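Please view the sequence and the structure together while reading.

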Amino acid sequence: MADTVLTPLLSVAAAVPLDEALQACLMRAYVATGHRAEGVRVFERTRQRLAEELGVDPGPELREAYRELLASGWTLQEELRPPEALRPAQLPPQVAGFVRRNDVAAVLDEQLSDAFGDAAVVITVLGGMGGIGKTALAVHWAHQIASDFPDGQLFLNLRGLDPDGRVMSPEEALATLLASLGEPAVSSPQETVDAQAARYRSRLFGRRLLILLDNARDSAQVRPLLPATRGCLVIVTSRNRMTSLVTREGARYLHVDRLTGAESRQLLINRLGARRATANPEALDRVITLCAGLPLALAIVAARVALNPALPLSAAVDDVSAPSARLDALSSVDSSDDVRSVFSWSYRALDPATAQAFRALAVHPGPGIPLESAASVAGVGRAQARALLMDLVTANLLDESQAGRYVLHDLLRAYAGELLDEDQERPECERRLITHYLHSARAAYARHHRQPIGDVGEPPSEVTPESFDSVPQAATWYARERAALWATIDLALAHGLGRDAAAMVLAASAPGSNSIPPGRTSTVLAILDLVSVLGEPLVEAELLRTVGEVLAPLPQADDHLRRALSIFESAGELAGQAEVLRNLAVLSLSRGDHDAATAYGDRSVALARRTGHQELLAVSLLTLTRALLGSDRFETGTRLADEGLAIAVAQHLDHLKIYYAQLVAESSWKLGRLDQAVKVSEWGLTEGVCESDGPRCAVAAILARAAFDLGDLVRAERGCQQFENLIADNGFRELIEFAGMEQAETYRTMVAYVRARLSLMRGAS
């Protein structure tokens with residue numbers, strides 16, 4: 001019985017060293033466990049403190065405990081032997097329904113083997129956002145390996161981000177750990193933290209213990225608690241990345257990420273039982289999606305359903321579905337089990353500037369947040385933004401998915417949005433976001449050798465638009481930011497900024513590619529209605545042209561394009577006329593009318609030559625070439641293609657090279673100029689830049705067939721392989737969009753023919 005009370009009594013007595021009744025109890029516990037020398041030390045230490053701090057002698061209770069100790073047979077000559085080492089077993093119970101994370105299990109087991117190798121001590125840091133399941137994972141693993149540590153397990157909650165702000169100091173932590181090991185918490189009033197840490201390490205010397213330090217605030221809090229004995233394993237959980245601990249002590253950092261869909265499903269089944277969890281598969285999948293892989297959120301939903309047998313899982317889906325009420329649905333009477341509260345503990349630890357940046361990120365539509373976008377919404381410079389974002393990454397409130405690109409968890413985004421609305425900062429942050437994408441899109445458009453329509457002025461100093469050094473860089477931005485750009489266009493409309501929305505639409509993609517994604521035509525038509533009353537005819541005409549381009553081959557496309565042409569003609573805008581005539585040529589091609597396409601194309605090229613704009617001329621020549629080659633006018637088409645290709649090369653129009661390579665290579669192949677076809681195909685695949693794989697698929701198919709006809713089996717094989725690799729990545733769908741279904745099948749048949757002949761030739765050899 002005395003053994004079981006000694007450890008907690010040590011901790012309590014250490015907290016009130018002048019409480020004589022408690023010190024007397026501690027002395028009697030030492031005597032009862034056979035550690036009379038330690039009881040004498042308690043008496044002498046207390047007597048000295050009473051004299052130094054209060055100027056009094058021990059009272060009757062303490063003297064009686066000392067008399068009992070002497071009567072037990074102890075003498076001054078008896079050797080003061082240290083008590084036998086206590087074997088703590090302090091791990092908390094495992095979490096019910098725990099789901100094994102296969103992605104981290106192997107890494108953890110590898111670190112366990114290192115604990116018995118040459119390393120002096122192995123430190124494993126489990127980091128991640130609040131509610132991600134770090135403690136549950138650490139406790140589960142600790143129980144699995146506890147038998148490998150015969151001298152026991154220590155557990156300590158360091159309260160690094162406690163809701164009441166009571167972070168455990170290193171002195172408190174060492175006192176508790178020393179007491180757990182049978183050592184006096186404090187040996188004297190003057191004892192320093194370093195002296196405490198030295199006694200702690202001495203007590204651990206030669207022993208093999210598992211030490212779990214939960215909820216650490218930072219490396220400085222943990223460092224004094226580290227053993228120096230080989231064979232000990234320290235597990236630290238923290239919302240901080242503990243960078244200093246990794247750098248100086250060689251700790252192994254393991255990021256605990258969100259649960260996968262399968263793991264989330266298993267957690268709900270473990271908590272609710274398979275029958276109830278899977279009764280409505282659609283509701284189960286929806287809950288998994290809405291909880292975004294956060295174990296705490298899933299556990300709260302499971303608890304709500306488990307506590308109410310009449311509540312179906314579908315009802316929980318209704319609660320969690322509305323973004324504005326999602327965190328309310330994931331609340332609990334206990335703040336430690338409340339998603340909003342758990343997030344708040346991390347948020348309150350941020351400095352004001354980092355906290356403001358965290359709130360501002362809520363307005364970015366995602367999924368990835370580029371550094372420059374984050375700088376703009378926060379209203380700070382690029383360098384300061386990087387520092388603030390790294391602070392958020394260190395606090396595990398943000399993930400850096402790749403260099404300069406960040407991801408905010410869905411539920412953290414909802415929490416940041418609430419904070420943003422509380423501080424009434426959302427309108428200003430959203431305006432900065434709109435300005436950022438407006439100027440970034442126009443910069444990308446201008447990099448494609450095109451001057452954006454209209455004047456939007458210079459961006460304010462607090463906005464950091466993207467800048468582009470090359471066409472490929474701008475094309476990559478278009479592909480990566482398309483979803484965010486169109487979400488920002490919606491936002492501009494919601495703010496009543498129709499002109500900005502129109503300017504973004506007109507700069508929404510590289511020239512020559514579809515600027516309006518599927519399902520977005522109605523948005524552009526709404527913008528068109530707003531622009532028509534602004535008195536800016538050129539902006540209206542360019543929007544009409546853009547809508548007409550996307551609506552092709554529907555009849556409505558003709559109306560929009562002819563209205564645009566009329567406005568450009570009235571304004572004497574030659575470049576606009578050339579563009580619309582090119583669109584009418586493309587529209588005619590989509591309907592199989594090559595004669596009309598050639599007529600429109602001729603007019604477009606003639607106007608483009610008058611403007612002196614080389615990129616516009618190259619684009620117009622490209623369309624006219626397609627019309628000529630489509631009507632088997634190979635000689636004329638090839639001559640114009642060569643002219644356009646020369647312009648593209650001379651003007652570094654990388655985005656046009658792949659299209660010209662396809663036309664020149666195909667016409668050369670059809671004319672029997674096989675060397676030229678192979679040469680141009682290989683050049684196009686190397687030099688061409690395009691958002692879509694469609695043109696590249698076409699060029700690879702031509703390379704395969706032309707090389708085979710030439711008898712160059714190596715290049716034929718290479719063309720087949722490139723085509724097949726591109727097709728594997730959704731390339732056939734993009735090939736259909738580029739060339740049409742019939743032509744796409746033709747290219748696929750070309751490659752299949754070459755592949756079959758190559759296989760027969762290998763078999764024959």
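Is Cys-429 buried or exposed? In this predicted model, Cys-429 has a relative accessibility of 2% and therefore counts as buried, because buried means under 20% relative accessible area. Cys-232 is likewise buried, at a relative accessible area of 0%. The structure contains zero disulfides.

| Cysteine | Relative accessible area |
|---|---|
| Cys-232 | 0% |
| Cys-429 | 2% |

Strand β1 covers residues 122-127, and six of its six residues are buried, so the strand is largely enclosed by the rest of the structure. In a regular strand, side chains alternate between the two faces of the sheet. Both faces of β1 are covered: one side carries the buried residues Val-122, Thr-124 and Leu-126, and the other carries Ile-123, Val-125 and Gly-127, which are buried as well.

Strand β1 runs parallel to strand β4 (residues 233-238), to which six bridges join it. Four bridges link β1 with strand β5 (residues 252-255), also in the parallel sense.

**An antiparallel sheet**

Another open sheet consists of three strands in the order β6-β8-β7, with antiparallel pairing. Its edge strands are β6 (369-370) and β7 (399-402), each of which pairs on one side only. Two bridges connect β6 with strand β8 (residues 405-407) in the antiparallel sense. Within β8, Tyr-406 is the bridge partner of Ile-369.

Methods. Residues are numbered from 1 along each chain as its sequence is written. This is a predicted model: local features need pLDDT of at least 70, side-chain atom pairs count only at pLDDT 80 or more; totals for chains, interfaces and linings use all residues. Side-chain values use heavy atoms; hydrogens and water are left out. Buried means under 20% relative accessible area, exposed over 50%, partly exposed in between (1.4 Å probe, protein chains only). Two strands pair if DSSP finds at least two bridges between them. A disulfide is a pair of cysteine sulfur atoms within 2.5 Å.
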